[in-house]
Amino acid sequence: MNEKNIDWNDLKLFLAVAREGGLSAAAKSTQRSPATLGRRMYELERSMERELFIRHDRGYELTQEGKALLDELTLIEYQIHRQTTPASQSSRPLVKISAGTWTTLSLIKNLDMLVGSPPDILLRFISAEKVLDISHREIVIGIRNQRPQEDSLVCRKLARVEFAPYATKSAPESYIKVMADTPSARWVQNNIGSNDIAYEVNSPRSSLDLALENKGVALLPTFIGDNQTALKRVGNIVEELGHDQWLVTHHEDRYLPEVRKLIQNIGTILKQS
């Protein structure tokens, strides 16, 4: 790469085209014409001696070298922002994390390990059983039970999740039924008769609370149930509910210092495999 021939303003335009996925959308945010942007991207590729885009009717798609440049520039952009923000305006960076009820509970139990003490990251926990959109920045980090398919997302495999029934020593053998659209709730619905249901709840967390109150059997992830000293397993692991777990983030965000730190710490807490 001949750095003397690079117009650094073209790198800013590159960020716009890469993020918007095409010239027309990037033209609105940069106040440059699509023709000008197209010419400048061609000049940038020639200067860097790299092919950064695949050009087709649907827009500008990044090549692997283009994705690598986007990652590098995103990190530089973030660092410049941090260095040039006045101290009076600086604050802990906000990171939104989405996970199911049980994974959120496990992370909260290990909060100091997650963000440090005192914390240098502001976390927003979004406990949800549905999958939120990382590509459109509804969240920054998601913990999912399936590997993502989107090209813009990157993932890291975590420890496998298993489920088993738990209760106190003297609890009735009746189950606590969770009225939710989750695999474990559907398993209770399909395998436990109505005469063997002690209580119904609309929140998975409430099933744990009732089990701890000696009111019945709760179907829990083993990483939750095994850590409750008042509970014991009252049955075998439900093999059909076992699944892998994935930490997912956008490929542009993974090198941000606060995101990189959280990825490492979440992997430690959830026993990255």
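Trainee: Which residue takes a positive phi just after H3?

Mentor: Bear in mind that this is a predicted model. The residue is Glu 49, which follows H3 directly and has a positive phi of about 55 degrees.

Trainee: Which residues of H3 are buried?

Mentor: A residue counts as buried when its relative accessible area is under 20%. In H3 the buried residues are Thr 36, Leu 37, Gly 38, Arg 40, Met 41, Leu 44, Glu 45, Ser 47 and Met 48.

Trainee: At what angle do helix H2 and H3 pack?

Mentor: Helix H2 (residues 23–30) packs on H3 at an angle of about 105 degrees, and the two axes are 9 Å apart. Angles of 65 to 115 degrees count as roughly perpendicular, and so H2 is roughly perpendicular to H3. On the H2 side of this contact are Leu 23, Ser 24, Ala 26, Ala 27 and Thr 30, and they meet Pro 34, Leu 37 and Gly 38 in H3.

Trainee: How should I read a sheet, and what is the order of the five strands in the open sheet?

Mentor: In general, the strands of a sheet pair through backbone hydrogen bonds, either parallel or antiparallel. In the five-stranded open sheet the order is E4-E3-E5-E12-E6, and the pairing is mixed. Strand E4 (122–127) and strand E6 (153–161) stand at the edges with a single partner strand each, so one side of each is left without a neighbour in the sheet. From one strand to the next, the twist averages 20 degrees.

Trainee: How many bridges join strand E3 to E4?

Mentor: Strand E3 (residues 94–99) and E4 run parallel and are joined by six bridges; for example, Ile 97 has Phe 125 in E4 as its bridge partner.

Trainee: Which strands does helix H5 lie across?

Mentor: Helix H5 (residues 101–109) lies across E3, E4, strand E5 (141–144) and strand E12 (243–250), and it runs at about 155 degrees to E4. Helix H10 (residues 257–269) lies across E3, E4, E5, E6 and E12, running at about 25 degrees to E5. Helix H5 also meets helix H8 (residues 204–212): their axes come within 9 Å and cross at roughly 65 degrees, which means that H5 is roughly perpendicular to H8. In that contact, Thr 101, Trp 102 and Leu 105 of H5 meet Pro 204, Arg 205, Ser 207 and Leu 208 of H8.

Trainee: What is the order of the three strands in the other open sheet?

Mentor: That sheet has the order E10-E7-E11, and its pairing is antiparallel. At its edges are strand E10 (218–221) and strand E11 (232–233), each of which pairs on one side only. Strand E7 (residues 163–167) is joined to E10 by four bridges, and the partner of Tyr 166 in E10 is Ala 218.

Trainee: How many aromatic pairs does the structure hold?

Mentor: There are two aromatic pairs. In one of them, Phe 14 and Phe 53 are tilted, with 5.5 Å from centre to centre and 50 degrees between the planes. This pair links distant parts of the chain, since Phe 14 is in helix H1 (residues 8–20) and Phe 53 is in strand E1 (residues 53–56), 39 residues apart. Phe 14 and Phe 53 are both buried, and together with Tyr 60 they form one aromatic cluster.

Note on methods
Residues numbered from 1 in each chain as written. Predicted model: local features only at pLDDT ≥ 70, side-chain atom pairs only at ≥ 80, totals over all residues. Heavy atoms only, no water. Buried < 20%, exposed > 50% of the residue type's maximum accessible area, 1.4 Å probe, protein only. Helix = DSSP H or I, 4+ residues; strand = E, 2+ residues; numbered from the N terminus. Pairing = 2+ DSSP bridges. Axes fitted to C-alpha atoms, helices over the stretch in contact; angles between N-to-C directions. Contact = heavy atoms within 4.5 Å. Phe/Tyr/Trp six-rings, centres within 6.5 Å; stacked < 30°, edge-to-face > 60°. Parallel < 35°, antiparallel > 145°, perpendicular 65-115°, else oblique.
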